[in-house]
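Hi,

Here is the structure I promised to pass on. My notes on its salt bridges and one surface patch follow below.

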Amino acid sequence: MIYDNAMPAAQPPQVTGNRPATETAKQPTEDLVGTVRKRLERAYTHDRGNREEGAADMRFLAGDQWPEYAKQARVNRPMLTVNKLPQFLHQVTNDIRQNAPVIKATPVDGNTDPQLAKTYDGIISDIQYRSSAKHVYATAAYHAAACGIGHWRITTQYIEDDGFDQEVAIELIPYPFSVYWDPASVKPDRSDAMWCIVVEMIPKDTFEEKYPDAQPISVDAIRSFNSANGMSSSIFWAQNDHVLIAEYWCKKPQKKTIAAFESGATADITGLDMIRLYQMQMQFGPIVQKREANGYRIEQSLVSGSEVLSGPNKWPGNHIPIIAVIGTEIPLETTTIRHGLLRNARDPQQLYNFYRSAAAEHIALSPKSPYLVTDTMIAKHKSDWDSLNTKNRTYLRYTPDPTAPGMKPDRINAPEPPQALWQEGEMATDDIKATTGIYDASLGARSNETSGVAIRRRENQGDTANFHYQDNLQRSIEQCGRVLIDLIPKIYDNERTARMLAEDGSEQFIPINKTLYDNEGQPVIVNDLNQGRFDVRVTIGPSYASKRLEAADAIVELMKALPPELAPLLADIAVRNMDIPDAQEAAKRLKAMLPQQATQDPNAPPPPPDPAQQMAEQMQQQAAQLQIAGEQAKVEETQAKTELTKVQIKGEYLENLIKQSQLHSAPMDHAERLNGLDAAHLDNALKAKQLMTPEPSQSEASKTSQ
């Protein structure tokens, strides 16, 4: 699934995975070439003013800052160019370079596996790493800030020269004005364009080597073609030694077949083969409903001024893979004015160059301090006096003139350069700052602010004034993410191992589109990239390395504020984030010195119990239960002995009553006295008996227990 600018029309389509890479659509050559020429002319005419001014911005940035009329008027006169604009432009774009964009795929429905979104994130990170996408984004943003627009593209390429697997790549479009957009597109990222054309002017001999079967291109023939079709000659398809090649992208309307499955999922099944339909029905159930919908297919063609060199080829994605980054756009009634950071600073820069040149010229033309002399004084030495300004002489000869005051030459002071030149130069510098919104604090110069907070606030004012450049870049990267998410399942459509990159640079290799079989013998695809619907989230912030160093500084400051006994708890984290050799090893040693509860994760599940420790705890519990049971038995035995002693006391008391009186004469009287025996008397008697009874020996106690 790859287009090839150099692929002749007769070359067979390339194949990757399970389906062809390109599908060539038949269209008459004259119709396609005429369509491209007319649309290119219309796009150029519509955006001509912005292109001419943008090209002037780029020349101005390169140092061509004197207009032609000024150059003609200042022949053999100083024309200084003190280019102050690059530092203002770099102040904006280098902030963007310091912040790394991160593209995240987020599921948009409940049927999409979040783990699959992480797989997409890893593949996108790998694509950006291989393509040096960070520099591509930064360069496109540089062009947008310099001249109002920048571009990059998404393409595909073979992984190996002798293989068929392909991968997605991100490439910079070096010249920002080589892309011509549909005049009807109004979105900043140009995602609503129905077509666009990317042109390239290549040497004629290179053209003949790449396209040996192409027809010779004549400048006169192309001009006659323009005249016959009522077009101007503002677009030069051929010059004396160069040929213009146009890569034409367009959206072609087509019907799509949308299917609804029994599980509730919906998918575009246009052009799918029976194997893929079977796999989808095994996953989502049978198809319960179909409908026809209006859609688009993307076609790519390569044409010269007279013929089709390649295509039309069907692009596998649903988006034109050209991404635009816009600077500032001002919509008017019939047109849109587009510019970058430098447009409004050009006039102050020209004024500064003029006043610096005028001051240099005034100083250069000002003579040295002149002398007041008479003819008599210099008549004999005129040659010495005439060369006074060009030669350094240690002495000057003269003839005294009695008629002159003092009889000798008198030197007077030369005129000073006008102060207005210096003042106007300073005002021009201030105007550059005002038009760009970047002042001394943002440029690193010392100002009236003394505290760090005040300096940062002044710097933030410059960042806020130009934040729309970063915001426009973020919007374009979001469109880039949509193109990637749409393209990945169609390029990575076969079983392979993909590399995933995390934010910290760590690598992980996972299988994608791998077919396994469940217990019932049904095929199951692991990491099927065709499943799920995703949206795009883009964040632009400091790189992982910058955030790591900032974290180390913040943790060190936090350790200073903590009590001394708590500060060591964060030492290993601070060292691990430092950019020093053996930081990880030092962090491991510091972490090993911490107590276990300091490194334990409060959210982690409890560890499984140790069998030996669990058995020891059970034995301790059993021993405690036995001890409690023994204590309870002793208490019950003591209570039983107490009750027995009370019974014995009652018996002894009864015997005493019988002895003291005649029980046979009054038995009822003694029984009533025995029943009415006071409990207090029994307790006292019991205590007295215990005091008088000796304790049994250990042997007797053991016999009693037995």
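A search of the whole structure turns up 20 salt bridges. Keep in mind that this is a predicted model.

Asp57 is buried, at 0% relative accessible area. Arg346 has 18% relative accessibility, so Arg346 also counts as buried; the cut-off is under 20%. Both residues belong to a network of salt bridges that links Glu53, Asp57, Arg343 and Arg346.

Asp126 and Arg499: the side chains form a salt bridge at 2.6 Å, N to O. Asp126 is in helix 5 (residues 114-131) and Arg499 is in strand 17 (residues 496-501), 373 residues apart. Asp126 is buried at 8%. Arg499, at 21% relative accessibility, counts as partly exposed.

Arg130 and Glu167: here the N to O distance is 3.3 Å. Arg130 is partly exposed at 28% relative accessibility. Glu167 is buried at 14%.

Now the surface. Ile330, Leu332 and Ile337 make a nonpolar patch of about 250 Å². Ile337 is part of strand 14 (residues 336-339). Its relative accessibility is 34%, so Ile337 counts as partly exposed.

Best wishes

Terms used. Residues are numbered from 1 along each chain as its sequence is written. This is a predicted model: local features need pLDDT of at least 70, side-chain atom pairs count only at pLDDT 80 or more; totals for chains, interfaces and linings use all residues. Side-chain values use heavy atoms; hydrogens and water are left out. Patches are made of residues with over 30% relative accessible area and no salt bridge: like charges are joined within 9 Å, nonpolar side chains (Val, Leu, Ile, Met, Phe, Trp, Tyr) within 5 Å. Accessible areas come from the Shrake-Rupley method with a 1.4 Å probe; for residues, only the protein chains shown count as cover. A salt bridge is a side-chain nitrogen of Lys or Arg within 4 Å of a carboxyl oxygen of Asp or Glu. Helices (H or I, at least four residues) and strands (E, at least two) are DSSP runs, numbered from the N terminus. Buried means under 20% relative accessible area, exposed over 50%, partly exposed in between (1.4 Å probe, protein chains only).
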